[in-house]
Amino acid sequence: MNEDFGDGTRVVHSVPAVAGQPFLPGPVFASAYHLGGDDTYGRAHNPGWRALEDALGGLDGGEAVLFPSGMAAISTLLRVVLAPGDAVVLPSDGYYLTRTLAAELPVRVVEAPTAGPYPPLDGVRLVLLESPSNPGLEVCDIAALSAAAHAAGALVAVDNTTATPLGQRPLELGADVVVSSDTKAVAGHSDVLLGHVSSRDPELVGRLRSARTVGGAVPGPFEAWLAHRGLGTLDLRLARQAQNAAALHEALKGHPAVSGLRWPGSPEDPAHAVAARQMRRFGGVLTFVLRDAAAVARFLERSALVAASTSFGGLHTTLDRRAQWGDPVPEGLVRLSAGCEDTADLVADVLASL
């Protein structure tokens, strides 16, 4: 795909048009193939994977490897890159399962907040960060941290789930690896588990593919097809979600029931200056704090449009009280994922529910 095209064109035309063929070929369910072509066995090859990997890799600016979930992508990356005794830096305010996973590996884990300060990186093998972080929406200066990490001999991987490939391109900022849970905004319809890793290092990409084949952490062909179908509207969905997030931020700032409001798209947000330098657009995820868990429950009971859900990036506006999953956050901290509802309807519903 021509990189001079805009985001909307690139996601709609992520599969080259072929006369007489569907715009997006259907899923291939083969477990075995007639030998002699490019494909041999369903655990190693699938045309639907390749089509989506080509699309996601093109958007990331590298080469993508598809996995059955975001955590499968992260766990495979850690197993491939890290050896016993290696040191890995993880975000102390990022997704809790990443820290849970790393704690079970024979490696030394060093935690640092997303926005820093970071410890000395001498002797560190991998820095894995999230920007914006989940759920706190803190932002890391990816270019600066990548330069420091490379000077110390470390690799940098960025969990780009919250930003998406259209919102941020970490490989262009100096990162070595991008990892994403495509379950969220990329697929976008709350009906798929999927993830991917992208890199510009062909040797690393080859090791990731080999690890996927040997370990068996392979995505389903139908899930890959669904995610590719959803990718075609990513530009449109992100635009409405960001519009709704901006309107909700404006409505909620100063509200007596709300504290700790965060959205990197707001010029008033502490992370905005860095985010504006490195992000191409801002997403639809906000966080804020209500008084306690009971206040969150009352909000959800009153709302006609906001549903309790522990994922984000879908068509529907959802809210998740993060402390219930073990995140070290206040009991009333919520992550709100703005959906694609009409902006006026959503703002009115949220204010009425508060």
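View 1. On a 1 Å grid over the protein atoms alone, a pocket is an open set of points with protein on both sides within 12 Å along at least five of seven lines, and lining residues have an atom within 4 Å of a point. Grid points are joined across faces, edges and corners, and a volume is the space filled by probe spheres set on the points. The model is predicted: local features need pLDDT of at least 70 and side-chain atom pairs count only at pLDDT 80 or more, while totals for chains, interfaces and linings use all residues. Residues are numbered from 1 along each chain as its sequence is written, and side-chain values use heavy atoms, with hydrogens and water left out. The largest pocket holds about 400 Å³ of space. It is lined by 24 residues, of which Met-71, Tyr-95, Asn-134, Ser-181 and Lys-184 are the closest to its centre. Two or more lining residues come from each of α3 (70-81) and β6 (177-181); helices (H or I, at least four residues) and strands (E, at least two) are DSSP runs, numbered from the N terminus.

**View 2. The largest cavity.** A cavity is a set of grid points where a 1.4 Å probe fits but cannot get out. The structure holds 3 cavities of 30 Å³ or more, and the largest cavity has a volume of about 80 Å³. Among its 14 lining residues, Ala-185, Gln-241, Gly-284, Val-285 and Gly-313 are the closest to the centre.

**View 3. The second largest cavity.** This cavity has a volume of about 70 Å³. Its lining includes Pro-132, Leu-137, Thr-162, Trp-263 and Phe-282, together with Gly-284 and Val-285.

**View 4. Helices α8 and α11.** The axes of α8 (residues 234-252) and α11 (residues 343-353) come within 10 Å and cross at roughly 35°. Axes are lines fitted to C-alpha atoms, for helices over the stretch in contact, and angles run from 0 to 180 degrees between N-to-C directions. Contact (heavy atoms within 4.5 Å) involves residues including Arg-240, Ala-247 and Leu-248 of α8 and Leu-346, Val-350 and Leu-351 of α11.

**View 5. The salt bridge of Arg-169 and Asp-7.** A salt bridge is a side-chain nitrogen of Lys or Arg within 4 Å of a carboxyl oxygen of Asp or Glu, and the structure holds 21 of them. In the bridge of Arg-169 with Asp-7, the closest N and O atoms are 3.9 Å apart. Arg-169 lies in the loop between β5 (155-159) and β6 and Asp-7 in helix α1 (residues 7-12), so the pair ties together parts that are 162 residues apart in sequence.
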